[in-house]
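Dear colleague,

Please find below the structure that I am handing over to you. A short account of the findings follows it.

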Amino acid sequence: MTPENGRANFLDPPTPAMYKGKVMQTRLLAATLFAAAILLPTCTVAQTTPPRIPTPPKTDSNSAANAPRLQLTNYLDAIARTATDARHTAVTALKTKAEA
């Protein structure tokens, strides 16, 4: 059913191979559209931002409830200060690489 130039005439009925190809293309298109209809809504839901968690209110550092925390902070700062001062004195006493 092809003329001399080798092209199929569109008015002729399709050959079984051409018909099978068109049916398969239609089924593939239908399956793709069905999968897209199912997957696209779930993808858009997954991209929404979660609700923000409110930040807790700031505590007053001068309140009586924070006195133990402030005392602990001052105590740890004093320990760190003495260790830092001792290290600073040891480092300043070094004059050469051999002493290090």
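Helices (H or I, at least four residues) and strands (E, at least two) are DSSP runs, numbered from the N terminus. The model is a predicted one, in which local features need pLDDT of at least 70 and side-chain atom pairs count only at pLDDT 80 or more, while totals for chains, interfaces and linings use all residues. Residues are numbered from 1 along each chain as its sequence is written, and side-chain values use heavy atoms, with hydrogens and water left out.

The protein chain contains two helices and zero strands. Of its 100 residues, 1% are buried (under 20% relative accessible area; exposed is over 50%, and partly exposed lies in between, with a 1.4 Å probe and protein chains only).

Leu-76 belongs to helix H2, which covers residues 67-93. Because its relative accessibility is 47%, Leu-76 counts as partly exposed.

Asn-66 is placed in the loop between helix H1 (16-46) and H2. With a relative accessibility of 9%, Asn-66 therefore counts as buried. Which residues does Asn-66 contact, leaving aside its neighbours within four places in sequence? They are Thr-59, Asp-60 and Ser-61, where contact means heavy atoms within 4.5 Å.

Yours sincerely
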